[in-house]
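Dear colleague,

I am writing to hand over a structure for your study. Please look through it first, and then read the notes that follow.

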Amino acid sequence: MRLSKLVGQRLREAPRDAQTLSHKFMIRGGYCRPVSAGIFSLLPLGRRIERKVEAILREEMDAIGGQEILMPMVLPRELWDESGRFTSVGSELLRFKDRNGKDMLLGMTHEEAVVQIARTELVSYKQLPAMLYQLQLKYRDEARPRAGLIRVREFTMKDAYSFHTSQEDLEEYYKIVYDSYVRIFHRIGLKNCISIKADSGMMGGGVSDEFMAIADCGEDTLFCSPDNKYRANREVACAKIPLVKEEPRELELKQTPDCKTIEDVAKFLGLKAENTCKAVFYRDYEGKLVFVNIRGDIEVNEAKLRKILQTPELEFAEDELIRSVGAVPGFASLYGLDLNKMRVVVDPTVAGSSNLVIGANKQDFHYLNFNYDRDVANKDGVIVADVATVREDDLDCTSRQPLKKMNGIEVGNIFQLGTKYSKPMNCTFLDQNGKSHPMIMGCYGIGVGRAFAAVLEQNHDDYGPIWPITIAPYQVQLVGLNHKVAEVQELCEKLYHEMQSAGIEVLYDDRGGKAGSSFADADLLGLPFRVIVSPKTLAENQVEFKCRDWGRRSELLPIEGIIEFLKKQIAEAFEKYSA
RNA sequence: CGGGGCAUAGCGCAGCCUGGUUAGCGCGACUGGUUUGGGACCAGUAGGUCGGGGGUUCGAAUCCCUCUGCCCCGACCA
């Protein structure tokens, strides 16, 4: 490809809209262009990268027995009614009507569609296990797209679905997919990518692992133990929180004027936040009051809470609702309330601590020395469960070492779905005895654009991307400096054709301009290797060779044999990323 | 959905507060010339419904109302 013909202007400055690093470089380098919020066109460079990632995904999926299919992006409501998700999924599912008024949707994931295939095409245990996958556009009407290609509304996803006769078989295959994912992320050039235990969310099912590319711009917060044995998303992370256990003292009413927050109360009483109990009120999806009790220094983890309460929605409760059960906002506690009027959750940090400060359900008063076991008479219906948000340096439950906090981009997610879809959708197989059973399913996704945006987040310098050879849009950038010198241009043309004949993917900067602008563009293009032809080196019968990840260092090589040299370099570069 | 910000040429910006020729600047693009190792220089050219609509005014990029779009923080999210 000649750079003079490549569609996609390089920009010296990034549009103001672009904030994150990968977004800026993608726009500046001409990889993609925005169309609407969270919707992008891929220009030739971006598309080439995407196709390379896709090729790796196909290889790896085929290698573990996957069969590629293609399901439609537009799906009818009926299919999603079978799983119940047409109504249960929120507004991120884009629903619309066709010309006949029929409810349709844009697929955001394809469990329903694949189950429809499986239940007619896979009928016997002899056909199982089976794995189907596709590379298909997904549409998710995200509330807040952000960070360029990292969180978008429309994107290509590799989604795979496996079908099994037993949980054991699923678990065995799940491990195989897991290993395949590790290979994939290594091959595309993610340097720091870890798997963590995750909340399975609306996908349902049991075990789920997320693959996280560690990057500052990542939206997910992760906690890892120093030995790396414990790795979890903040949504599910647990920690060993030291509790204060002491001899219970007498409950004591204390005036605490204007002490509405934990901070105020602790300061006023000369205690630490750890010595207090915080009351947090929510309203669940049925409008019922949820009363959460947690130690004053710890935040409620709403993801955990939602799971415990089995409620898809949680909102902070209004004061009216709080007062309706006799609690006083700012001074609320369990003590003396009729717990049957609400759903009560007590975090172990409250249940297991001694002598906490709690609200008195009376304006400007708190109690000292609350002890859950002693002071809550009727514990029927009270859920004691961990709803604590882990903080950096909280202790890992097993190693007792402080947890590290980091940000991650979720580039892949694998789930053991079990029968969540096969049961309601009647996706069954016949066993050896002719008996019918629901299939046991797994599903496995990778966002393609997000994955290569994450690669960019992890592989760059101040001037642009440093693409791994495996997904680089081209392998070699051939740069001609000063085409006014006929010999330079002639040699460039010659090398260009020789490289192409040798099967080297070459992008030829045929503009023959100044070094500065040519090099700046080359940096933005980020190709692994660069060959520079200029009058200076030509006089010595040499060309200059650079690796993108060497920065500005380069070496001079004889023109003779340069093609073979490049082929060897490319092969060696691929070695680095082989599984 | 809540909070904040922005909208002027392909990109980055100035002008707006205090209304008044033909709306500027840098980069990029085009033409010609000089240059040629980390974003060169000279001369010239093209490119604008100043986000849309309404209002105030003799006169609106500028003041007022309204709508829309985009970005950021949060909520939400396989």
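A residue is called buried if 20 or more other C-beta atoms lie within 10 Å of its own. Please also bear in mind that this is a predicted model.

In helix 14, which covers residues 515-525, the buried residues are S518, A522, D523, L524 and L525. After helix 14 comes G526, which has a positive phi near 65°.

A pair of helices also deserves a description. Two packed helices are described by the angle between their axes and the distance between the axes. For helix 2 (residues 44-63) and helix 6 (residues 167-187), the axes come within 10 Å and cross at roughly 155°. Angles over 145 degrees count as roughly antiparallel, and therefore helix 2 is roughly antiparallel to helix 6. The crossing of helix 2 with helix 6 is right-handed. On the helix 2 side, I56, L57 and E60 take part in the contact, and they meet S180, R183, I184 and R187 of helix 6. Of these contact residues, three are nonpolar, one is polar and three are charged.

As for the chain as a whole, chain A contains 16 helices and 31 strands. It has 579 residues, of which 41% count as buried. Its C-alpha trace spans about 95 × 65 × 50 Å along the principal axes.

Finally, on confidence, chain A has an average pLDDT of 88, and 98% of its residues score at least 70. The model scores ipTM 0.89 and pTM 0.86.

With kind regards

Key: Residues are numbered from 1 along each chain as its sequence is written. Chains are lettered from A and ligands numbered from 1 in the order in which they are written. This is a predicted model: local features need pLDDT of at least 70, side-chain atom pairs count only at pLDDT 80 or more; totals for chains, interfaces and linings use all residues. pLDDT is the predictor's confidence in each residue, from 0 to 100. Helices (H or I, at least four residues) and strands (E, at least two) are DSSP runs, numbered from the N terminus. A residue is buried if 20 or more other C-beta atoms lie within 10 Å of its own, exposed if 12 or fewer, and partly exposed in between; C-beta atoms are placed from the backbone. Axes are lines fitted to C-alpha atoms, for helices over the stretch in contact, and angles run from 0 to 180 degrees between N-to-C directions. Angles under 35 degrees count as roughly parallel, over 145 as roughly antiparallel, 65 to 115 as roughly perpendicular and the rest as oblique. A crossing is left-handed if the near helix is turned anticlockwise from the far one by less than a right angle, and right-handed if clockwise. Two residues are in contact if their C-beta atoms, placed from the backbone, lie within 7 Å. Ala, Val, Leu, Ile, Met, Phe, Trp, Tyr, Cys and Pro count as nonpolar, Asp, Glu, Lys and Arg as charged, and the others, Gly among them, as polar.
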